[in-house]
Amino acid sequence: MASKASKEIMKEINEKLLLRAIYESDGIDRASLAKMTGLSPATVTKVVGDLIEIGLVEETGVADSTGGRKPILLNVRPGKSCVLGLKIGVGYLDYSLTDLSGSVLASERKIMENTVPEEVVSATGEILAKWSDLIGERLLGIGIAVSGIVDSLRGVVKNSFLLDWKDVPIARMISAGYAAKTFVMNDVDSFALAHFWKGNVDNHKNCVFITLGIGIGGAVAIDGKLHLTGAGSGEFGHMTIEHNGNLCTCGSRGCLEAHASFEALARKLFSITASNELKELYSSVRATETSEIHFLKRALEIDRASAESVFDQYATDIGIALKNLVNIFAPDYVLIGGEALEFSALFLEKSIDYAKENAFSSLADAVKFDTDRIGEKAWTLGCIYRVIESELFTVGK
Ligand SMILES: [Zn+2]
């Protein structure tokens, strides 16, 4: 006979299995759940009854009858819990509060003078206090997206060159302060996960995500699953594109990021422009996304010819990266995102053409190149999904 403990485990496994199936459906009835999961109709009825009782699942209507009674459709109740997502950027913190369906209940950007861990913790406390009426007792957890090498299992940012963080146990720092389950992941992994959840990845299985902005990040999905190593993967910004090229924040030379970050573009413009106005403006550029984007936009107004030549080289550099990625991963889907899309008219088509012309044609022909259509929200949506997945669908929580 099964022991009490193993019965409890079985109950939890069935509950999570059904909950995920209901969550991923767009309304599903009990008979279909039984068919899909292989559980007996009696077990499905019992577990669904329990989930309805705790308010996590609700009956939301009826489907067309195929004979007999009309099947009642089940959905996860989005308002049962909420999740706080945080993207730690260079010079800013982006907060989003969503319900279980990912609908945004509140969002806010905090501009930070210094993005040091202690200030991120206190800013998070302020947001939780500010939104306490919205959150009530419903906070399922906090998801954090941050650039660099992240050990998600331990909740530690091992190395973020952009933020100058090393071995920061940010998940523990936040969960200790605010008694909330906290998860941390690489920001581009979060961005990629958001596209699997809410984007247009559709049925593509092998996907490459590259984000272009103040830094250059990447993520890879193989057979529909993100390739997560905990040791850092998908650091596309640090592929070498030029031997003995520019010095990179990682200590190496000739990295893509050292040649094609916003800062690198601004520096290049400063060195070639004859405009004193632009040179002067350069001296006021700060190491933040907003400041660098502002400079590049102004450069296009003040000295368009120089700016265009810098973006021409940028198009080639990004094209080289895309070509390498296509040849290495043979993806069927490549998504390009990041703040550089503001300048897409100046480089994107050229970059994609370069990749198509220079990669193995059999591979290049099979790729769908796409651009981010979720926008800034994608950076936090992925880590929000990660919280939902971990807290609702993972056995042993
Ligand atoms: Zn590098």
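How many strands form the open sheet, and in what order? Select S13-S12-S11-S14-S15: these 5 strands make up the sheet, with mixed pairing. (Strands are DSSP E runs of at least two residues and helices H or I runs of at least four, numbered from the N terminus; two strands pair if DSSP finds at least two bridges between them.)

Before you click on, this is a predicted model, where local features need pLDDT of at least 70, side-chain atom pairs count only at pLDDT 80 or more, and totals for chains, interfaces and linings use all residues. Residues are numbered from 1 along each chain as its sequence is written, and side-chain values use heavy atoms, leaving out hydrogens and water.

Now go to the sheet's edges: S13 (225-226) and S15 (368-371) each pair on one side only. S13 runs antiparallel to S12 (residues 216-222), joined by 2 bridges. Pick alanine 221 and you'll find its bridge partner, leucine 226, in S13.

Next, select the zinc ion. His238 (ND1), Cys248 (SG), Cys250 (SG) and Cys255 (SG) coordinate it at 2.0 to 2.3 Å. Donors here are N, O and S atoms within 2.8 Å of the metal (3.2 Å for Na, K and Ca), and sites may look incomplete because water is not among the atoms. Angles among the 4 donor atoms span 102 to 124°, making the site tetrahedral (four donors, all angles between 85 and 135 degrees). Along the sequence, the donor residues follow H-x9-C-x1-C-x4-C.

Finally, color by accessibility: cysteine 255 is buried at 0% relative accessibility, while cysteine 250 is partly exposed at 29%. Buried means under 20% relative accessible area, exposed over 50%, and partly exposed in between, using a 1.4 Å probe and protein chains only.

Note on methods
Four donors count as tetrahedral if all angles lie between 85 and 135 degrees; four count as square planar and six as octahedral if opposite donors are over 155 degrees apart and all others between 65 and 115; anything else is irregular.
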